Amino acid sequence: MALSAQQIPRWFNSIKRSSLITAAQLRNRFQRPGQIWLHGLSAQPQVSSDSCFLQWGFKTYRTSSKWNNSSQFTKSSGQEINSAQSTMLPSVNEQSQKIPTFDSELSLEGLDDVPPLSPLQPISEQEAVRIIADPPLPPDSFTLRDYVDHSETLRKLVLLGVDLSKIEKHPEAANLLLRLDFEKDINQVLLFLKDLGIEDSQLGAFLTKNYAIFSEDLENLKTRVAYLQSKSFSKADIAQMVRKAPFLLNFSVERLDNRLGFFQKELELSVKKTRDLVVRLPRLLTGSLEPVKENMKVYRLELGFKHNEIQHMITKIPKMLTANKRKLTETFDFVHNVMSIPHHIIVRFPQVFNARLFKVQERHLFLAYLGRAQYDPAKANYISLDKLVSVPDEIFCEDLAKASVQDFEKFLKTL
C-alpha cells in the first residue's frame with residue numbers, strides 16, 4: 001500500500017534525522033576493495049538508530065493507517081488491511097536484515113559516483129616537489145625564439161627552413177605566425193605552392209620573404225594563377241616567376257592585368273615579347289613603376305638612344321629598366337666618351353650596363369696600355385664588349401689582353 005500525503009513528510013523527516021554516512025567511512029570502505037555489499041541476509045545489527053527508525057516508521061504507519069481507515073471500513077475489512085500491511089511491509093527483523101546498516105560493508109559500484117579530489121585540496125611538500133610544470137608563455141618578447149617551444153607552427157616552419165630571425169624584425173609578421181594553426185592555415189598553402197612547382201628545398205627561402213601569403217585567401221591565389229595561365233604563361237613560367245618574385249601572387253588580378261598592359265603599351269612590345277620580358281624579370285609586376293618611367297626618359301633624353309634601340313636593349317637585358325639612374329649615366333659616360341664606343345655598338349652589347357663600372361675601367365685601361373683597346377667589330381683584332389665585361393681575369397688576360405695575370409695585377413697597382 002502506498003503512503004498517504006500526510007505520511008510522506010513525516011517519513012522524510014525521519015530520514016533526515018537518521019545518521020548519514022561520513023567521508024571518513026567512505027574512505028575506510030574505499031581502501032578495502034576486497035569486501036563487497038552482501039546480498040540477502042547479513043549479520044544481525046545491534047540496536048541502533050537504524051533499528052529505532054524502522055520500528056518507529058512501522059508503528060507510525062500502523063497507527064496512521066488504522067486512524068484514517070476506521071471510519072470507512074468494517075472489522076472484517078480492517079483484518080484484510082492488516083493482512084495486506086503484513087504482506088507489503090516486512091517485519092522489523094526482516095527489514096533490518098534486508099537493509100544493511102551504515103556499519104556494514106559498502107558497494108564499490110556505489111563509490112563510482114564519488115566526485116574526484118578537488119584541485120584546491122592541499123598537498124604535501126614531497127608531492128609538490130615532484131610536480132613538473134611547463135614554463136609559462138612569455139607575454140612579450142623581442143624574438144620568436146622564446147615561443148618556438150610552445151608553438152607547433154613555429155617548430156614546423158623552422159624544419160622547413162624558414163628564417164625566423166628575419167621575420168621577427170617585423171612585429172606584425174611575428175604576431176601573424178603565432179596566431180596561425182599549422183594544419184588549418186599553413187598546410188593548405190604549402191600544398192598549393194608545391195603543386196605550383198616550388199620545390200621543398202625552396203619553401204624556406206620563399207616563406208621567409210613572403211610570410212604574408214598565409215594571410216591571403218587560397219581561392220584568390222588560385223584565381224591569380226588561373227589568370228596568368230589565361231595569358232599563355234606556362235606552369236613552368238609561373239613557377240619561375242613566383243620563385244624570383246615571391247610577392248607576385250599577393251597582387252590582385254586587376255593589378256597584374258594593369259602591369260602587363262603598361263609594359264606592352266609603354267614599350268610597344270608584342271604580346272610574346274611582353275610575356276618573355278616579365279618571365280625573365282617578374283619583379284616588373286610587383287615593384288614600383290617610377291624607376292621604369294624615369295629610366296625610359298634617361299635612355300631617350302639624356303643618353304640619346306632611339307625608341308627601337310631601347311626596345312632591343314631591354315629585351316636583352318630587362319634589368320636596365322630598374323637599374324640605378326646614376327650607375328646608368330656613369331657607365332654610358334665612360335663607355336661612350338672615354339672608350340669612344342658609338343651608340344649602335346652599345347646597342348649590340350648592352351651587357352655593359354649590367355657590369356661593374358670599375359671592372360670595365362680597369363680592363364679598358366690595361367688594354368689601352370697594351371695597345372689593344374679596339375672595340376669596333378668592323379676592324380681586325382677587335383675586343384667584344386660582351387667578353388670584356390663577362391669573362392674571368394684568367395681568360396681576359398690570356399685571350400683578350402695576350403698577357404699574364406701577374407702583369408695585369410702589377411698594372412692595377414699603378415692605378
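I began with Thr331, which sits in helix α18. Helices here are DSSP runs of H or I with at least four residues, strands are E runs of at least two, and both are numbered from the N terminus. The model is a predicted one, in which local features need pLDDT of at least 70 and side-chain atom pairs count only at pLDDT 80 or more, while totals for chains, interfaces and linings use all residues. Residues are numbered from 1 along each chain as its sequence is written, and side-chain values use heavy atoms, with hydrogens and water left out.

Is Thr331 buried or exposed? Thr331 counts as buried because its relative accessibility is 1%. The cut-offs are under 20% relative accessible area for buried, over 50% for exposed, and partly exposed in between, with a 1.4 Å probe and protein chains only. I then listed its contacts (heavy atoms within 4.5 Å). Apart from neighbours within four places in sequence, Thr331 is in contact with Val352, Phe353 and Leu357.

I followed Leu357 next and found it in helix α20. Leu357 has 18% relative accessibility, so it counts as buried. Leaving out neighbours within four places in sequence, I see Leu357 in contact with Glu330, Thr331 and Phe334. I also noted Lys327: it is 30 residues from Leu357 along the chain, and their C-alpha atoms are separated by 8.0 Å.

**α20 against α23**

I stayed with α20 and looked at its packing. Two packed helices are described by the angle between their axes and the distance between the axes. Helix α20 (residues 357–370) packs with helix α23 (residues 405–414) at about 105°, and the axes are 11 Å apart. The angle makes α20 roughly perpendicular to α23. Axes are lines fitted to C-alpha atoms, for helices over the stretch in contact, and angles run from 0 to 180 degrees between N-to-C directions. Under 35 degrees counts as roughly parallel, over 145 as roughly antiparallel, 65 to 115 as roughly perpendicular and the rest as oblique.

Which residues of α20 and α23 meet? From α20 I wrote down Glu362, Arg363, Leu365, Phe366 and Tyr369, and from α23 Asp407, Phe408, Phe411 and Leu412. By class, this contact of α20 with α23 has six nonpolar, no polar and three charged residues. Here Ala, Val, Leu, Ile, Met, Phe, Trp, Tyr, Cys and Pro count as nonpolar, Asp, Glu, Lys and Arg as charged, and the others, Gly among them, as polar.

**One side of α9**

In helix α9 (residues 171–179) I found Ala173, Ala174, Leu176 and Leu177 buried. They cover an arc of only 160° around the axis, which puts them on the same side of α9. The arc is that of the directions from the helix axis to the C-beta atoms. Pro171 and Arg179 are exposed on the other side of α9. The buried residues of α9 pack against α7 (152–160) and α8 (164–167).

**Loops and positive phi**

I looked for Thr286 and found it in the loop between α15 (271–280) and α16 (290–302). Thr286 counts as buried, at 19% relative accessibility. Setting aside neighbours within four places in sequence, its contacts are Ala245, Phe247, Leu248, Phe251, Arg255 and Arg259. Thr286 and Arg255 are 31 residues apart in sequence, with 8.8 Å between their C-alpha atoms.

Then I checked phi. Ser340 is not a glycine, yet its phi is positive, near 60°. I place Ser340 in the loop between α18 (325–338) and α19 (343–348), and it counts as exposed at 57% relative accessibility. Asn381, also not a glycine, has a positive phi of about 55°. Asn381 lies in the loop between α20 and α21 (385–390) and is exposed, with a relative accessible area of 64%.

**Asp386, then the whole chain**

Asp386 lies in helix α21 and counts as partly exposed at 28% relative accessibility. Asp386 touches Phe349 and Gln351, not counting residues up to four places away in sequence.

Last, I noted the totals: the protein chain has 23 helices and zero strands. Of its 415 residues, 34% count as buried.
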